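Welcome! Take a moment to look over the sequence and the 3D view below, and then let us walk through them together.

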Amino acid sequence: MGDIELNVSFPLDEEGFFRREWPFCRKEFKILLTKEELGNLAQAGLDSFMIESKENTDSDESEEGKPEYFCPYCGQHAPGDRWWTQEQLAYISIFAKNIMANLINEHLIRPLERNFGKRSSGPISVSFKGQEMEQQEPWISPEANDMDTFDLPCCQRKIKIEEPKISLVRCFFCGFPHKRQY
Ligand SMILES: [Zn+2]
Ligand SMILES: [Zn+2]
């Protein structure tokens with residue numbers, strides 16, 4: 001479906017940080033990503049909603065090669081597509097629903113209307129007025145300027161964490177444990 005142009009843009013805080021959440025310890029943090037990384041992430045998020053049936057068949061293969069990332073608080077690790085906040089997932093699902101609505105309108109409802117609309121010359125006149133699926137306006141809260149910045153010299157990255165009293169911060173990118181000084 002190359003004709004669908006889609007831009008899922010996520011709110012970032014003033015310094016460009018992007019919110020993440022690890023579902024197991026339910027803690028949030030923020031990472032600084034390049035535009036390209038953010039774009040790839042948005043695409044992966046959308047794909048996870050669009051190709052659900054495909055995922056069952058070859059999930060084992062695709063899981064293996066994926067780089068893993070680490071929760072800064074508890075150190076558990078998982079592939080990059082597991083770190084969505086609930087709000088981000090809800091937001092992406094609206095984009096996915098809009099794509100489906102678009103496809104159904106374009107390939108099902110409108111062709112039916114076109115075909116049936118013309119058949120009025122026979123003995124029986126048939127008319128079809130399809131109900132087009134509506135598009136929803138995606139909405140997500142603006143990103144607050146909260147949390148403290150923490151340097152990750154191991155990967156030359158920065159992260160923002162929400163617990164001011166945590167003494168060990170793991171690098172999201174490589175898992176290296178950093179002592180935190182006050
Ligand atoms: Zn954790
Ligand atoms: Zn690192």
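The site of the zinc ion (ligand 2) is tetrahedral, with angles of 103 to 125° among its four donor atoms. For comparison, the ideal angle for four tetrahedral donors is 109.5 degrees. Please keep in mind that this is a predicted model.

Which residues hold this ion? The zinc ion (ligand 2) is coordinated at 2.3 Å by the SG atoms of Cys 154, Cys 155, Cys 171 and Cys 174. Along the sequence, these donor residues follow the spacing C-C-x15-C-x2-C. Cys 154 counts as partly exposed because its relative accessibility is 35%, whereas Cys 171 is buried, with a relative accessible area of 0%.

## The other zinc ion

Now turn to the zinc ion (ligand 1), which is coordinated by the SG atoms of Cys 25, Cys 71 and Cys 74, at 2.1 to 2.3 Å. Its donors are spaced C-x45-C-x2-C along the chain. Cys 25 lies in the loop between β1 (17-22) and β2 (27-32), and Cys 74 in the loop between β3 (68-70) and β4 (77-79), so this pair ties together parts that are 49 residues apart in sequence.

Are Cys 25 and Cys 74 buried, exposed or partly exposed? Cys 25 counts as partly exposed, at 24% relative accessibility, and Cys 74 is partly exposed too, with a relative accessible area of 37%.

## The chain as a whole

Stepping back, you can find three helices and eight strands in the chain. Starting at the N terminus, the elements run β-β-α-α-β-β-α-β-β-β-β. The chain has 182 residues, and buried residues make up 33% of them.

Of the contacts in the chain with a separation of 6 or more, 58% are between residues 24 or more positions apart. The accessible surface of the chain comes to about 11900 Å², and carbon and sulfur atoms account for 51% of that surface.

Leaving aside residues up to four places away in sequence, Ile 161 touches Phe 29, Pro 72, Tyr 73, Met 147, Asp 148, Phe 150, Ile 166, Val 169 and Arg 180.

## A buried asparagine

Where is Asn 105? Asn 105 lies in helix α3, which covers residues 86-118. This residue counts as buried because its relative accessibility is 3%, under the 20% cut-off for that word.

The side chain of Asn 105 has a polar atom 2.8 Å from the backbone nitrogen of Met 133. Not counting residues up to four places away in sequence, Asn 105 touches Arg 110, Pro 111, Glu 132 and Met 133.

Terms used
Residues are numbered from 1 along each chain as its sequence is written. Chains are lettered from A and ligands numbered from 1 in the order in which they are written. This is a predicted model: local features need pLDDT of at least 70, side-chain atom pairs count only at pLDDT 80 or more; totals for chains, interfaces and linings use all residues. Side-chain values use heavy atoms; hydrogens and water are left out. Donors are N, O and S atoms within 2.8 Å of the metal (3.2 Å for Na, K and Ca); water is not among the atoms, so sites may look incomplete. Four donors count as tetrahedral if all angles lie between 85 and 135 degrees; four count as square planar and six as octahedral if opposite donors are over 155 degrees apart and all others between 65 and 115; anything else is irregular. Buried means under 20% relative accessible area, exposed over 50%, partly exposed in between (1.4 Å probe, protein chains only). Helices (H or I, at least four residues) and strands (E, at least two) are DSSP runs, numbered from the N terminus. Contact means heavy atoms within 4.5 Å. Accessible areas come from the Shrake-Rupley method with a 1.4 Å probe; for residues, only the protein chains shown count as cover. A polar contact is a pair of N or O atoms within 3.5 Å; within protein, one must be able to donate a hydrogen and the other to accept it, and residues adjacent in sequence count only if both atoms are side-chain atoms.
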